[in-house]
Amino acid sequence: MGQSAPLSSAPRRVSPAIQRKEHGGAHSRAGIVVLASKGNALKRDIAVVGGGLAGYCAAIGFAASGFDTVLLAPKAPADRRSTALIGRSVAFLKDAGVWPRIEAVAQPLVVMRIIDDTQRLFRATNVEFRAAEIDLPSFGVNVLNAQAQDALAARAAELSARLTVIERPLDSLHVEGDTGFLTLDDGSEVQASLVVGADGRGSRVRESAGIALRRWSYPQSAIVLNFKHERDHGATSTEFHRRSGPFTQVPLPGKRSSLVWVEEPETAELIVDLKPERLARMVEERLHSILGAVEIEEGLQVFPLSGAAARGMTSPRVALVGEAAHVFPPIGAQGLNLGLRDAAAIVEAAKDSRDDPGSLATLARYEARRSVDVASRTLAVDLLNRSLLAGLLPVQLGRSIGLGALSGVPLLRRFAMREGVSPGAGLRAIASAVAPKRSAELPPRGHDRRL
Ligand SMILES: Cc1cc2nc3c(=O)[nH]c(=O)nc-3n(C[C@H](O)[C@H](O)[C@H](O)COP(=O)(O)OP(=O)(O)OC[C@H]3O[C@@H](n4cnc5c(N)ncnc54)[C@H](O)[C@@H]3O)c2cc1C
């Protein structure tokens, strides 16, 4: 199934007009577009809907694995956020050939600190994780989303023989037999064996597929800004846990960092209206001057925080990845990393059924591989965020004991670091640490075990 686009080094961004010409559309005398009819639909193995970071990565992963892929990526507003990419996300980006471009503009993360700044009766011990403790040069890197997006677009251009990028949104989707039929906002059509919904929290793919969503909200908004600072950050990220939520500095190349500052929504609105000098003083004060004086860069953004979990990640011919399937607050750099693990998993699952990448077997494998990781991360981040907001003493005590244990128990520290970098890695490390001991305790082969 699927037809390759002509080989070209230029990005295959198909304008609607060209697309109509290629696939049978035409212009009337008056210049009004006659829409592509059903018989002239663009046919591909896989259609990825949504050109955010998760969608682009999935589309590149499919194309790099030899699938003829179409990506629907309407232009999105500027994104000033940065993303800490860790563990399997990095491995996936390496496999997809995107890594060298990201690494060139990213900042390695070598130390991660959590500081309890809640000023409460039960305060947690401060925790500091060093990548060297688990024999890694770094936990991962921090990259500006806009630069990551540029790197992905450049890689997509290299894969243009297999990857068609259309800058138009999906209007509707229906599934018949072994095909997903996608109608774009201009009426043109795409058909694919597998439709991957990477169209974010308001996912039209999810709605069209009838996958229910559980939503909740938090009384919090995240202010996002980037800033220059006087002192070196030493490749260290510091997450201050405050009563209103986390206040997280993440290093960028040079004497520059990004900040995610969670506050009550009303306070957040007041903060973004402050004069830059006043704002700079507030940021320095909340950072306890660990980076010296700061200078705020232009372009603050505010994100109201919410959570959501789809009731499932698949339906016939459809798989969801990223925020189309799960949304949670920005604590501990989890959201996109989870989305990229989704992307890696759906590419792997499709590779196991190349003849029919949207088959029930592919979807069952994908659902099975992702459900535990997604459910456990969603729950952990939700609990941690709520524990910051909770005024109840037992909750504060529990949080303080938990973080205290992370600080003081070496095995638990290393477990948490390995799990944070790559889910399952912590358990595997413990198993391999325990396994040789057990076998050493056993008598040698041939020895009489009755003794
Ligand atoms: C303040 C903040 C900081 C964060 N920091 C981190 C971090 O450090 N590390 C981390 O791992 N995560 C982080 N996250 C989470 C991370 O940003 C999200 O998980 C990630 O951006 C979600 O990517 P996505 O591609 O799934 O969705 P989106 O980025 O929402 O992309 C969805 C795309 O779909 C497109 N779309 C929508 N409708 C349609 C349609 N009908 N047809 C076609 N396309 C459509 C949109 O235009 C958009 O481009 C943070 C989140 C916030 C709010």
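Mentor: Strand E16 runs into strand E17 by way of a hairpin of 2 residues. The model is predicted: local features need pLDDT of at least 70, side-chain atom pairs count only at pLDDT 80 or more, and totals for chains, interfaces and linings use all residues. Numbering starts from 1 along each chain as its sequence is written.

Trainee: What makes E16 and E17 (residues 245-252) a pair?

Mentor: Strands (DSSP runs of E, at least two residues; helices are H or I, at least four; both numbered from the N terminus) pair if DSSP finds at least two bridges between them. E16 and E17 have 5 bridges, in the antiparallel sense, so they pair. One of the bridges joins Glu-239 to Thr-248 in E17.

Trainee: In which sense does E16 pair with strand E8 (residues 111-116)?

Mentor: Parallel, over 6 bridges. Arg-113 is set opposite Thr-238 of E16.

Trainee: Why is E16 (residues 236-242) called largely enclosed?

Mentor: Because 5 of its 7 residues are buried. Buried requires 20 or more other C-beta atoms within 10 Å of the residue's own, exposed 12 or fewer, partly exposed in between, with C-beta atoms placed from the backbone.

Trainee: How many residues surround the ligand?

Mentor: The shell has 32 residues, with Gly-50, Gly-52, Gly-200, Gly-322 and Gly-335 the closest. Two or more residues each come from helix H2 (53-64), strand E6 (82-86), strand E15 (213-229) and helix H9 (335-351). H9 gives the most, 4 residues. A residue counts as near if its C-beta atom, placed from the backbone, lies within 6 Å.
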